[in-house]
Amino acid sequence: MVHHALCNVIEPIFERGFIPDSYANRAGKGTHRAVDRVQQFVRARRFALRLDVVKHFPAIDHQVLSATLARRINDGRVLDLAAKIVASGDRVLEQEYRMVWFPGDDLLAACRPRGLPIGNLTSQFWSNCYMDPLDQFVKRELRCGAYLRYVDDMALFSDSKAELWAWKRAILERLGSLRLTVHEASAQVVPVASGVPWLGFVVYPTHRRVKGRKLVEATRRLVERYDDWGAGRISFAEFDASVQGWVNHVRYADTWGLRGHVLSRFVWGADGPMELLPPRGCG
């Protein structure tokens, strides 16, 4: 209740300043609208640059976050409450964080409070507050007209490879001021015609596909739920909810044949589930 009450007070202060193309944990946004937006950019530009932050929530620095909040919140009581909630997250994800040293750091930098619990409502909102200075930098200073972000995933689009590489260098420097780094191996400039991985999909100018790894994970979960239904651990309604949830997600890609391929494994008779079949074509 406290987290909800706090967000009800401070969210409008920040929300009106967020860029339109920030899609996580905001009313009227979400995963599928972010995928739609990526496809708009893919159809309008020749090249893409994807960036994702290394261990975003474990790496969020409390001093940086507190300064960000203080720039927009004038009520000392609200700031005090926010400070208590921020402090409660110190080191909660420490086992997932590997110390990164930034220019100007001394040995005490290793003791800086950091980390936010991923499930908290305030953590999700504060993630947007924390990343908003970067969003503003990309839009206002780099003047990138085709940019969007979903939590710690970012994508930039341009007709110039050189421009994207220059933007990458500038963004890495700005992220350093937030004490964040990106996965360098995946931070490459690629032609959009080869597909842009984004939130579990691969987006092309003409179509979308589900990422192979996500398909394997989802199929495994559905098989587990099917087995749970057969063993009486869950009801058919619960199993059906899992199936419908997956279908509603992947229908945002070109997956009509894929859905039939996956779901053909699950068969049942009048009395419940029958033996699980291998996928068609697998013998």
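**A buried aromatic cluster and an open sheet**

Phenylalanine 266 is buried, with a relative accessible area of 6%. Buried means under 20% relative accessible area, with a 1.4 Å probe and protein chains only. This is a predicted model, in which local features need pLDDT of at least 70 and side-chain atom pairs count only at pLDDT 80 or more, while totals for chains, interfaces and linings use all residues. Residues are numbered from 1 along each chain as its sequence is written, and side-chain values use heavy atoms, leaving out hydrogens and water.

Tyrosine 226 counts as buried too, at 3% relative accessibility. Now look at the rings. Rings of Phe, Tyr and Trp (its six-membered ring) pair if their centres lie within 6.5 Å; planes under 30 degrees apart count as stacked, over 60 as edge-to-face and the rest as tilted. The whole structure holds ten aromatic pairs. In one of them, tyrosine 226 and phenylalanine 266 have ring centres 5.1 Å apart and planes at 50°, so this pair is tilted. Tyr226, Trp229, Phe236, Phe239 and Phe266 form one aromatic cluster.

Next comes the sheet. Strands of a sheet pair through backbone hydrogen bonds, either parallel or antiparallel. Here four strands form an open sheet in the order β2-β3-β1-β4, with antiparallel pairing. Strands are DSSP runs (E, at least two residues), numbered from the N terminus, and two strands pair if DSSP finds at least two bridges between them. The edge strands, β2 (147-150) and β4 (189-191), each pair on one side only. Six bridges join β1 (residues 47-52) to β3 (residues 153-158). Arginine 50 has alanine 155 in β3 as its bridge partner.

Conventions:
Buried < 20%, exposed > 50% of the residue type's maximum accessible area, 1.4 Å probe, protein only.
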